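Let's take a walk through a protein together.

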Amino acid sequence: MKNNILNQKTENFASKKISWTSIQTEMKNKFGKDIYESWIKKIEFVNEFNDYILISVSTRFIRDWITSRYLDQILQIVKLYKKNINRIEFVIRNFESEEEKGSQKTFSSTSENENVSFIKDSYLQYNRIDPNKRFDNFVLGLSNKLAYEASKKVSIDISHCNPLYIYGGVGMGKTHLLNAIGLSLKDKNKVMLIPAERFMYQFVRSIKLNEMVKFKEYFRNTDILLIDDIQFMNGKEAMQEEFFHTFNALLDKGSQIIVSADRPPNKLSRIQDRIKSRFSGGLVVDIQSPDYELRHKIIKTKAEELRVFYSDQFRISSDVQNFLSSEIKTNIRELIGSLNRIISYSRVYNKTANLSEVKVILKDLLNLSENIVTIDSIQSTVCRFFKISKNEMLSPRRSRYLVRPRQTAIYLTKILTSKSLPEIGKEFSNRDHTTIIHSVKTIEKLIKEDAELRSSIDNLKNQILYNKQNEV
Ligand code: ADP
Ligand code: MG
């Protein structure tokens, strides 16, 4: 009995994200890949209320940026899906406050400097060194070893590899390494870790507020300047000019510069050639996609951390670990994200997720998007399973041997796609939406009472979502 309720909840838990996925697709079309990847993708959907939705981003800066540029259009798109939504609210994800605390510590040593104190606060907010991203919890593999070693090297012996340029795709650990360098040097040096977007933002802001002198002074006063995601530096000439001079001034005085990017220096599209050639002149290292071994090592390490943290309450079984390591190949962020998602599921329902549940929880990550889960594929799979023909399933006949499979297919369509009741009705020979509700309720009820049906449904779900015949 309890299991069935959980099964239901697994569906709800996963389905919450589905409509946001469609909204994201819509936004990607509307804003184009660049803006989407840089900003919009950072939005996480939190919840839906009567007339507004709640979304979250990790920092105030991202919130402000999105609000000032894209929010109106995002609202328009959301309204396409739900007319009565008339506003969007943001929350800033929790960890920000901790990071801010961390950065205050970092910069306390500069507070004596009168000259910079005036604008210090505004930079302070942007100088976030995350105490959780350290060398000692950076898991090593073939793909990231070089970048790790170079990062270690500059932390021990600054300005010998200058600048250090680390590049690689998203979620590969670049920001982690920049943080680790910052953390290990911050006690003895003035460290500034800033995403390139923020550098631009501050630059523009300083011009507006007539604070250019302080801006320059501030940046030229750092011993270690870490600029994250330099590919986003696409500012006007004047800004690149300033950046170039800051850069040279820092190199001249023996400060260490570390830059991260998603591509090698010569592929940076909007950056002046002389800056690119400065980058190429230092040490350039890349981080490649993690292989199975590294993915497994990361999953194992994180699962162990979680096990200790939750004092054994939520174990990630070894088959789930193996599954994640072999299926989530894109990057390390997604890998860790998938683990966190499983844990939040476990916390909400106070239960360890088994492999079947994990597949449902991670449906979208596993590329099991709705394009794959079509009503047609559900109908075919269910027909094959119950050995009836599609015509029979779609016919008006009410023989018992047809009714149950039909209801099952309707139920699976409801939970595995985001189709509305009338849409589902239409696909089942124009059945009325009340028939659809009835079918869903009947199966929900039966699942609680009938172990055999429950296992059939589990099996079917697995086949539909994962295209596998064998149930786990
Ligand atoms: P990037 O900046 O390259 O997009 P991040 O540094 O933000 O990627 O990494 C994404 C997530 O994965 C972070 O939570 C980071 O701590 C984690 N991560 C990345 N690489 C490793 C690794 N080798 N060991 C442990 N955690 C890692
Ligand atoms: Mg990063």
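Is Gln407 buried or exposed? Gln407 is buried, with a relative accessible area of 8%; that label applies because anything under 20% counts as buried. Keep in mind as you look around that this is a predicted model.

**Around Gln407**

So where does this residue sit? You'll find Gln407 in helix H19, which covers residues 400–416. Its side chain makes a polar contact with the side chain of Arg404, at 2.9 Å. If you skip the neighbours within four places in sequence, Gln407 is also in contact with His438, Ser439, Thr442 and Ile443.

**The ligand and its shell**

Now let's move over to ligand 1. How many residues surround ligand 1? There are 16 of them, and the closest are Val139, Gly171, Lys174, Thr175 and His176. Sorted by kind, the shell has six nonpolar residues, seven polar ones and three charged ones. Two helices, H8 (174–185) and H15 (332–349), each supply at least two residues of that shell.

Some of the contacts go to oxygen atoms of the ligand. A backbone N or O atom of Gly171 lies 2.6 Å from an oxygen atom of ligand 1, and a backbone N or O atom of Gly173 lies 3.0 Å from an oxygen atom of the ligand. With Lys174 it's the side chain that takes part: one of its polar atoms is 2.8 Å from a ligand oxygen. Taken alone, ligand 1 exposes 560 Å², and the protein buries 91% of that.

**Salt bridges**

Time for some charged pairs. The count of salt bridges comes to 17.

| Salt bridge | N to O distance | Accessibility of each partner |
| Asp262 and Arg263 | 2.7 Å | Asp262 30%, Arg263 26% |
| Asp273 and Lys276 | 3.7 Å | Asp273 59%, Lys276 13% |
| Lys302 and Glu305 | 3.8 Å | Lys302 18%, Glu305 39% |

In the next pair, Asp273 counts as exposed, whereas Lys276 is buried. Why does Asp273 get that label? Its relative accessibility is 59%, and exposed means over 50%. In the last pair, Lys302 is buried at 18%, while Glu305 is partly exposed at 39%.

Where do these pairs sit along the chain? Asp273 and Lys276 both lie in helix H12 (residues 273–280), three residues apart, which is about one turn of the helix. Lys302 and Glu305 are likewise three residues apart, about one turn, and both belong to helix H13 (residues 292–309).

Which residues are linked in a network of salt bridges? Here it's a trio: Lys216, Arg220 and Glu242.

Note on methods
Residues numbered from 1 in each chain as written. Chains lettered and ligands numbered in written order. Predicted model: local features only at pLDDT ≥ 70, side-chain atom pairs only at ≥ 80, totals over all residues. Heavy atoms only, no water. Near = heavy atom within 4 Å. Polar contact = N/O pair within 3.5 Å; in protein donor to acceptor, adjacent residues only side chain to side chain. Areas by Shrake-Rupley, 256 points an atom, 1.4 Å probe, with all protein chains shown as cover. Helix = DSSP H or I, 4+ residues; strand = E, 2+ residues; numbered from the N terminus. Nonpolar A, V, L, I, M, F, W, Y, C, P; charged D, E, K, R; others polar. Salt bridge = Lys/Arg side-chain N within 4 Å of Asp/Glu carboxyl O. Buried < 20%, exposed > 50% of the residue type's maximum accessible area, 1.4 Å probe, protein only. Contact = heavy atoms within 4.5 Å.
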